[in-house]
Amino acid sequence: MNQTIYLASDYDGTFKQGSIRDEDKETIRRFRSRGGRFGLVTGRSLSMLEQEFARYDMHMDFIIACTGAVIFDQDLNVIFKKPMDAATAWELEAEMERRPAGLCGMATLHKHSRLYLHPSLAASRDHNPEGLPQYPREAVEQDGDIISMFLRGFDAKDSQALYDYLTEAYRDRLDFHYNGGAIDVTAPGVSKTEGVRALARLHPDSRVCVIGDEMNDLDMIRAFQGFSVTTGNETVKQAASRVFDHVSDCIDYLIRE
């Protein structure tokens, strides 16, 4: 590799396909030994990812978290962020609690908090992944900026209807990103694509590549002539410049180029 390559991978369904394979971790090690940099571009917050890093004994060179709203370097220092307007975020939270949605939560730089969960859905892993902690509003506010929110309806149909309503009701005030029944909420203009562009601006002499699998990865794959995985959404795969079985196969291709 004559140029430093940054590979930004979606996490769920792309890098993590059920679990993290040893083959992927070993290939990332070889990639780094040749000067490459590997990180994530994901809707997850940092605190949700840290649980995963501990479980799989992983370290990232960078993390584009919360659907592009914040970027961390390898030491987890914030190098870019675009938080939500706090008043608008709490307005949305109050509306979800009145509705009520199946799940409503918030992510700050260092916490992810379940603010509302319908009692009938508490045992559902989709609605309460990793046993989301619940903090009072005061604790969330003390942690600083609200970076993103995450919502779910009672089921996929309800989530889609919720997404359709919110995109109109909060037009120009918030952006909503639908992903397989989940809805990520960010400040206007925030997206995975813009997060990757921010990373590219920080490293103008490097090549930045992306790989993903779902519709919320489609725009960044188109923008960066990116890659997908064979288990990905068909529309996403058609837009990708190449399709690989695993992230390790993508890295091997980048090393050989």
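**Close-ups of a predicted model**

**View 1. Ser113 is a buried serine, with a relative accessible area of 1%.** Buried here means under 20% relative accessible area, exposed means over 50%, and partly exposed is what falls in between, using a 1.4 Å probe and protein chains only. Ser113 sits in strand E7 (residues 112-117). Helices (H or I, at least four residues) and strands (E, at least two) are simply DSSP runs, numbered from the N terminus. The C-alpha atoms of Ser113 and Val140 are 7.4 Å apart, although 27 residues separate the two along the chain.

A word on the model before moving on. This is a predicted model, where local features need pLDDT of at least 70 and side-chain atom pairs count only at pLDDT 80 or more, while totals for chains, interfaces and linings use all residues. Residues are numbered from 1 along each chain as its sequence is written, and side-chain values use heavy atoms, with hydrogens and water left out.

**View 2. Ser148, another serine to look at, is in strand E8 (residues 146-152).** At 4% relative accessibility, Ser148 is buried. Leaving aside residues up to four places away in sequence, Ser148 touches Cys66, Met84, Met106, Ala107, Val185 and Thr186. Contact means heavy atoms within 4.5 Å.

**View 3. Strands E9 (residues 175-179) and E10 (residues 182-186) form an antiparallel pair with five bridges.** Two strands count as paired if DSSP finds at least two bridges between them. Look for Phe176 opposite Val185 of E10. That Val185 also turns up among the contacts of Ser148. Two residues lie between the strands of this hairpin, and Gly180 has a positive phi near 60°.

**View 4. Eight strands make an open sheet of mixed pairing, in the order E5-E4-E3-E2-E1-E11-E12-E13.** Strand E5 (78-81) and strand E13 (242-244) are the edges; each has a single partner strand, so one side of each has no neighbour in the sheet. From one strand to the next, the twist averages 20°. Axes for such angles are lines fitted to C-alpha atoms, for helices over the stretch in contact, and the angles run from 0 to 180 degrees between N-to-C directions. Inside the sheet, E1 and strand E11 (residues 207-212) run parallel and are joined by five bridges, with Ile5 standing opposite Arg207 of E11. Helix H9 lies across E1, E2, E11, strand E12 (227-229) and E13, at about 165° to E1.

**View 5. Helix H1 (residues 22-33) has one buried face.** Its 12 residues should span 16 Å at 1.5 Å a residue, and the end C-alpha atoms are 17 Å apart, which agrees. That expected span is 1.5 Å times one less than the number of residues. Asp24, Thr27, Ile28 and Phe31 are the buried residues of H1. Down the helix axis they fall within an arc of 105°, so they line one face of H1; the arc is taken over the directions from the helix axis to the C-beta atoms. Their cover includes strand E1 (5-9), strand E2 (37-41) and helix H9 (247-256). Turned away from that buried side are the exposed residues Asp22 and Ser33. Just after H1, Gly35 has a positive phi of about 100°.

View 6. Most residues other than glycine have a negative phi. Which of them is buried and which exposed? Thr67 is buried, at a relative accessible area of 4%, whereas Gln225 is exposed at 55%.

**View 7. The cysteines form zero disulfides.** The rule is a pair of cysteine sulfur atoms within 2.5 Å. Cys66 is in no disulfide, and the nearest cysteine sulfur, from Cys104, is 14 Å away. Cys250 is in no disulfide either: the nearest cysteine sulfur, from Cys209, is 7.1 Å away. Cys250 is buried too, with a relative accessible area of 0%.
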